[in-house]
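Keep the structure open beside the text as you read.

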Amino acid sequence: MAQSYVRVLGSADWQPTAGNDHSCYTVCDRVLIDACPSVVTNLLGQGVDPINASTICFTHMHSDHYMGLAPLLLYWRVRTASLGGLTIIGPKATVRAGFERALNFAFHDSRDLSAEIRQMPRIIELEGTTVCEVSGFRFNVMDSDHAVPGLCYRIEDASTGASVGFTGDTRYLDAFGGFFREVDLLVHEVSFGAGPLDEKVNAACRHSSAIEAVRVAAESNARALLLTHTYEPKRAGALEYARSELAIPVEWAEPGKVFAL
């Protein structure tokens, strides 16, 4: 039986650094979590055909998490002349508008979009706590607590039973322990590095630090923790703190690495 895995395409926050794009991942190279600006070339550079990642899950529609959707749509058009093989999942309040912005950007010079593209993607708009199944994966979602509407994902591979959780950008919620219960890998943002949070600043931006990541990993009994989404100088401190507090494997989401589930 093939093993499930998570591939890291980027792990920066809203300020990318050399060799590291904004946070973006694949699950088994069939599901894409967010779309960093260089997602097409990042996938190709790691030997993954972007057409293979036919389900895109957006945690939220801040530009650093979805600017890569426009080049993805263009790539699909060039390769298939259709977007019909795509499924796009995201927050009900914003995902359709985000798709339409990306579509208009990629094809703004098309006089007849229906002639340019044979079929449009399936868009699944979600909110609250719910479940959907697409192409052999079960997607459990719950609302995040961020500055814009967002979703947290627990994704289960039906072929292996493996599971991975993605917090997206969010501050801590009491429900996380149950939602991410015993995931094989928890991918948690640490925008504030090792922490602690600046509560005054965080009242508006609503992010997390390694303190919250450790808390969620412990409360959920996650089997491994992958830290992501912080500025480069803060990464070592976040990793050191989390490793000192947990007995499970803790890693940084280094671009190009693949983590088995």
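Two strands count as paired if DSSP finds at least two bridges between them. With that in mind, phenylalanine 139 has isoleucine 155 in β10 as its bridge partner. Please remember that this is a predicted model.

These residues belong to an open sheet of 7 strands with mixed pairing, in the order β8-β9-β10-β11-β12-β13-β14. The edges are held by β8 (130-134) and β14 (250-252); each has a single partner strand, so one side of each lacks a neighbour in the sheet. From one strand to the next, the twist averages 20 degrees.

Two helices pack on this sheet. Helix α8 (residues 210-220) touches β12 (185-189) and β13 (225-228), and its direction makes about 155 degrees with that of β12. Helix α9 (residues 235-245) touches β13 and β14, with its direction at about 170 degrees to that of β14.

| Strand pair | Sense | Bridges |
|---|---|---|
| β8 and β9 | antiparallel | 5 bridges |
| β9 and β10 | antiparallel | 7 bridges |
| β10 and β11 | antiparallel | 4 bridges |

Within the pairing of β8 with β9 (residues 137-143), valine 131 is found opposite asparagine 140 of β9.

How much of strand β10 is buried? Of the 7 residues in β10 (151-157), 6 are buried, so the strand is mostly covered, buried meaning under 20% relative accessible area. Tyrosine 153 has phenylalanine 166 in β11 as its bridge partner. The hairpin of β10 and β11 has 5 residues between the strands, and there glycine 161 adopts a positive phi near 80 degrees.

Notes. Residues are numbered from 1 along each chain as its sequence is written. This is a predicted model: local features need pLDDT of at least 70, side-chain atom pairs count only at pLDDT 80 or more; totals for chains, interfaces and linings use all residues. Side-chain values use heavy atoms; hydrogens and water are left out. Axes are lines fitted to C-alpha atoms, for helices over the stretch in contact, and angles run from 0 to 180 degrees between N-to-C directions. Contact means heavy atoms within 4.5 Å. Buried means under 20% relative accessible area, exposed over 50%, partly exposed in between (1.4 Å probe, protein chains only).
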